[in-house]
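Reader: I am new to this structure and would like to learn how to read its features one at a time. Could you take me through them slowly?

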Amino acid sequence: TTADLLCKALEKQYCLTAQVVPMDGFHYDNAILQQVGLSHKKGSPQTFDVGGLASMLKRLSSSYQAEDVAIPIFDRDIDLSRGSARLVMRDTTVLVVEGSYLIMDDPRWSNLTLYFDLSVMISCDESALRTRLMKRWLDLNYSEIEAVRKVEENDLPNAIQVIKKSNCPDYVMINSF
């Protein structure tokens, strides 16, 4: 949501063309997660194709002005990534790469910072985060019991890991609403 708002603001205030490149498009498919025993950890750092994301960022940073580039997105309604689901147009001047683990201090993720001109972390207190995560699962028609399980066993521990194990961002934005 914030990345989309940022793109709109950049376009309106500075006449730039801006597009979001979501990290979530690089979720491993559910079949792969099942095969490697990580279905219950979907959304955790180890359940993403970080190499694929790095390859896409390299492509976008070196040639996106020469051609339109198709990128994957995550479709929450069907709980799957959809390849080539969005075009990053060749005339895009600003790419807003969005995702929780992009500046993690972890060997698999750390090299991604080569592709960023700056980084921003959106900070929010744990109780607000818990409330928002619960709302997300309840809005997707999960039962309250299942939503609590997803939040407490996976989502919230992942968020705490991001808070504790991320490299210092260039900017911190406090999200208090």
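Author: What follows is a conversation about charged pairs, a hairpin, a nonpolar core and the cysteines. This is a predicted model, in which local features need pLDDT of at least 70 and side-chain atom pairs count only at pLDDT 80 or more, while totals for chains, interfaces and linings use all residues. Residues are numbered from 1 along each chain as its sequence is written, and side-chain values use heavy atoms, with hydrogens and water left out.

Reader: How many salt bridges does the structure hold?

Author: Side chains of opposite charge can pair when their charged atoms come close. Here a salt bridge is a side-chain nitrogen of Lys or Arg within 4 Å of a carboxyl oxygen of Asp or Glu, and the structure holds 11 of them. One of these joins the side chains of Arg136 and Asp155, with N and O 3.0 Å apart. Arg136 belongs to helix H5 (residues 126-139) and Asp155 to helix H6 (residues 144-165), so this pair ties together parts that are 19 residues apart in sequence. Helices (H or I, at least four residues) and strands (E, at least two) are DSSP runs, numbered from the N terminus.

Reader: Are Arg136 and Asp155 buried or partly exposed?

Author: Buried means under 20% relative accessible area, exposed over 50%, and partly exposed in between, with a 1.4 Å probe and protein chains only. Arg136 is partly exposed at 28%, whereas Asp155 is buried at 10%. Within helix H6, Glu153 and Arg149 lie four residues apart, about one turn of the helix, and they form a salt bridge with their closest N and O atoms 3.6 Å apart. A network of salt bridges links Glu126, Arg130 and Glu152.

Reader: How do strand E2 and strand E3 pair?

Author: Two strands pair if DSSP finds at least two bridges between them. Strand E2 (residues 69-75) and strand E3 (residues 80-88) pair in the antiparallel sense over six bridges, and Ile71 has Arg86 in E3 as its bridge partner. Four residues stand between the strands of this hairpin, where Asp79 takes a positive phi near 60°. The backbone oxygen of Asp79 also lies 2.8 Å from a polar atom of the side chain of Lys42, a residue in the loop between helix H2 (30-35) and helix H3 (50-63). Lys42 is buried, with a relative accessible area of 17%.

Reader: Which residues have the most contacts inside the largest nonpolar core?

Author: In soluble globular proteins, nonpolar side chains tend to be buried together. A nonpolar core is a set of buried Ala, Val, Leu, Ile, Met, Phe, Trp, Tyr and Cys residues joined through side-chain atoms within 4.5 Å. The largest one has 21 residues, and those with the most contacts inside it are Met23, Leu53, Leu60, Ile71, Tyr101, Trp109 and Leu112. Helix H3 gives the most to this core, with five residues.

Reader: How many disulfides does the structure hold?

Author: A disulfide is a covalent bond between the sulfur atoms of two cysteines. The cut-off used here is a pair of cysteine sulfur atoms within 2.5 Å, and the structure holds zero disulfides. The sulfur of Cys15 is 15 Å from the closest cysteine sulfur, in Cys7, too far for a bond; Cys15 is exposed, at 70% relative accessibility. For Cys124, which is buried at 17%, the closest cysteine sulfur is in Cys168, 19 Å away and too far for a bond.

Definitions and conventions: Polar contact = N/O pair within 3.5 Å; in protein donor to acceptor, adjacent residues only side chain to side chain.
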